[in-house]
Amino acid sequence: MKQLVLLLLMPFLIISCTEKEQPITKEEAIAVGKRLQGTVNDGHSQLFDSLFMNRVFVDRIAQAAQASLDKEYKKSLTNALNKRTIGREMLKSMAADDTYEFLRHYEKDNQHHLIFRMYGSSGINYHDIELVKINDRIGLADMFVYMTGENFSKTLARAMELMSKETGERSDGTVLSAAKYVQKIRELMNRQEFGKALQLYEKLPPEFKKDKAMQLMHMSIVSELDQEQYRQALAAFEKQYGQDPSSQLSLFDLYFMDEDYDKALKVLDVLDASVQGDPMLNMYRSVLYTRMQQPEKSVQCLEALYKAKPDFGDGVLELIANYIETNNNEKAESLITAYQANKKFDQQKLENLRYLYPDFAAFNEP
């Protein structure tokens, strides 16, 4: 029953293995990153699911919990984890326009890592995936999620500790019922039924709501329902985790809503350094500099983004708008022409931009 509860609590898990590890080449690791990006963006989860290794991940959990797990417990937990389709669950949580982009490969402590960016209307997040090779097969050993600020092994270890406390105070049936509530909440969130999700969340035991993962879930729900509730949830999260560098991405919205733009910029700088550089963050910097009434810096950020990612259509549109706002008309006209010539870009978005600047000559030319 404990294994089932833990699985229901988690949106997706990473599984590892106990056999002797083999060396991985840089080329092999990068090939995995490129394949994973392609399949996820095509809406297929099979590769993501098949990459998950089995067995030693429970040892990672034990290390994170600073505890040991008996052999039978490890076996039952491993069997339960093997039944999950993590890639499919991740795809369900992504918005239709979200992209999953492989940013880079790096090595640390003789382990190969892949950094991915998830970006779209649902916001921005990063995954740092650790690879392992067993029996000539490369798979995923663990994954650091920037939105939670921790590895899955640590998240699951904390969930196990919570379960242990709950089973000591409540019946197994109550704990199982709460875990099923969590699973149902995630399903409602995936269907955009946030009002119903919040109603179920409020029925969870208080101990569950104190957990970091549960707080993040609550923040995601209320962000879609009420901005004041969202701000209050963010403020509560900052009070508990504000000094934790790994939790800063979750606090960006709070600083933005409170108009503390200097703190918001620092969050982006810390994040940028952590992922070893991501030009996409210049999109967010541009918005902040616009709010700070520093249009020149906003333009500079968008120009840097365009130089690094010329095929990012939304970035091009933002740069066009900023050129118009700062009277860089020739540059705006040139970029409009380039946007119209790119068949991959959504031309309706350019048409929408035209209505915002009806007096701009380039939008009225035949």
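These legends describe close-up views of a predicted model.

Residues are numbered from 1 along each chain as its sequence is written. Local features need pLDDT of at least 70, side-chain atom pairs count only at pLDDT 80 or more, and totals for chains, interfaces and linings use all residues, while side-chain values use heavy atoms, without hydrogens and water.

**View 1. Met 280, in the loop between helix H14 (261–274) and H15.** Helices are DSSP runs of H or I with at least four residues, strands are runs of E with at least two, and both are numbered from the N terminus. Met 280 is buried, with a relative accessible area of 3%. Buried means under 20% relative accessible area, exposed over 50%, and partly exposed in between (1.4 Å probe, protein chains only). Not counting residues up to four places away in sequence, Met 280 touches Arg 117, Tyr 119, Ile 124, Leu 305, Lys 309 and Phe 312. Contact means heavy atoms within 4.5 Å. Gly 315 is 35 residues from Met 280 in sequence, and 8.7 Å from it in space, C-alpha to C-alpha.

**View 2. Lys 309, in the loop between helix H16 (295–308) and helix H17 (313–325).** Lys 309 counts as buried because its relative accessibility is 17%. Leaving aside neighbours within four places in sequence, its contacts are Glu 101, Arg 117, Pro 279 and Met 280.

**View 3. Arg 285, in helix H15 (residues 281–291).** Arg 285 has 10% relative accessibility, so this residue counts as buried. Its side chain makes a polar contact with the side chain of Asp 269 (3.2 Å). A polar contact is a pair of N or O atoms within 3.5 Å; within protein, one must be able to donate a hydrogen and the other to accept it, and residues adjacent in sequence count only if both atoms are side-chain atoms. Beyond four places in sequence, Arg 285 is in contact with Leu 265, Leu 268, Asp 269, Asp 272 and Cys 301.

**View 4. The two sides of helix H9 (residues 194–201).** Phe 194, Ala 197, Leu 198, Leu 200 and Tyr 201 are the buried residues of H9. They lie on the same side of H9 because they cover an arc of only 160° around the axis. The arc is that of the directions from the helix axis to the C-beta atoms. Lys 196 and Gln 199 are exposed on the other side of H9.
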